[in-house]
Amino acid sequence: MTSKPETTPEPRIIRRSEAEGLGWRPIDTAPMDGTPIRLLQGGEVFAGFCGDDADFPWQFLDRNGRRTFINGFRHTFSPSHWKPLADV
C-alpha cells in the first residue's frame, strides 16, 4: 500500500501579500472565456468565472457548478488573484 505524499493545506484565509507565494496568479492573467477557476477576494476563495456582463464580469459558481447570481444583487465581487480548478 502506498501512502499519499503529505501536503500542507492552503490556509482558509489568504492574505493578498502572500497569494503569489502560494501559487495564486494576478487576476489580470485570468482566462476571460468563461472557464471555471478559483478566485481570491478579501482572503476568501470562491469558484467562479468571468462572464459576459461588462458591469459585473466575475460570477460565482455554486457547489454543483451552476451560476450563482450574487452579482445580480449588485454585490461587488472584485477578485485579486486566481488559480485553475485543476490545482485543487
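Predicted model: local features only at pLDDT ≥ 70, side-chain atom pairs only at ≥ 80, totals over all residues.
Residues are numbered from 1 along each chain as its sequence is written, and side-chain values use heavy atoms, with hydrogens and water left out.

Strand β2 (residues 37–41) runs antiparallel to β6, to which four bridges join it; two strands count as paired if DSSP finds at least two bridges between them. Within this pairing, Leu39 stands opposite Trp82 in β6. Strands β2 and β3 pair in the antiparallel sense over five bridges. These two strands form a hairpin with two residues between them, and Gly42 in the turn has a positive phi of about 55°.

## Burial of β2

Five of the five residues of β2 are buried (buried means under 20% relative accessible area, exposed over 50%, and partly exposed in between, with a 1.4 Å probe and protein chains only). In a regular strand the side chains alternate between the two faces of the sheet. In β2 both faces are covered, with Ile37, Leu39 and Gln41 buried on one side and Arg38 and Leu40 buried on the other.

## Overall architecture

The protein chain contains one helix and six strands (DSSP runs numbered from the N terminus, helices being H or I of at least four residues and strands E of at least two). From the N terminus on, the order of elements is α-β-β-β-β-β-β. Strand β1 (residues 25–26) pairs with β6 (residues 81–84) in the antiparallel sense over two bridges, and Arg25 stands opposite Trp82 in β6.

Of the 88 residues in the protein chain, 30% are buried. Among contacts (heavy atoms within 4.5 Å) with a separation of 6 or more, 46% are between residues 24 or more positions apart. The accessible surface of the protein chain comes to about 6,500 Å², of which 51% belongs to carbon and sulfur atoms; the areas come from the Shrake-Rupley method with a 1.4 Å probe, and for residues only the protein chains shown count as cover.

## The nonpolar core

The largest nonpolar core has nine residues, namely Ile27, Ala30, Ile37, Leu39, Cys50, Trp58, Phe60, Phe77 and Trp82. β2 and β4 (58–61) each supply at least two residues of this core. Such a core is a set of buried Ala, Val, Leu, Ile, Met, Phe, Trp, Tyr and Cys residues joined through side-chain atoms within 4.5 Å.

Leaving aside neighbours within four places in sequence, Ile37 is in contact with residues including Ala30, Trp58 and Trp82.

## Individual residues

His81 lies in strand β6 and counts as buried because its relative accessibility is 6%. A polar contact of 2.9 Å joins the side chains of His81 and Ser80 (a pair of N or O atoms within 3.5 Å; within protein, one must be able to donate a hydrogen and the other to accept it, and residues adjacent in sequence count only if both atoms are side-chain atoms). Not counting residues up to four places away in sequence, His81 touches several residues, among them Arg16, Trp24, Arg25 and Leu39.

Ala47 is placed in strand β3 (residues 44–50) and is partly exposed, at 28% relative accessibility. The C-alpha atoms of Ala47 and Leu85, 38 residues apart along the chain, are separated by 7.8 Å. Ser78 lies in the loop between β5 (67–68) and β6 and is partly exposed, with a relative accessible area of 48%.
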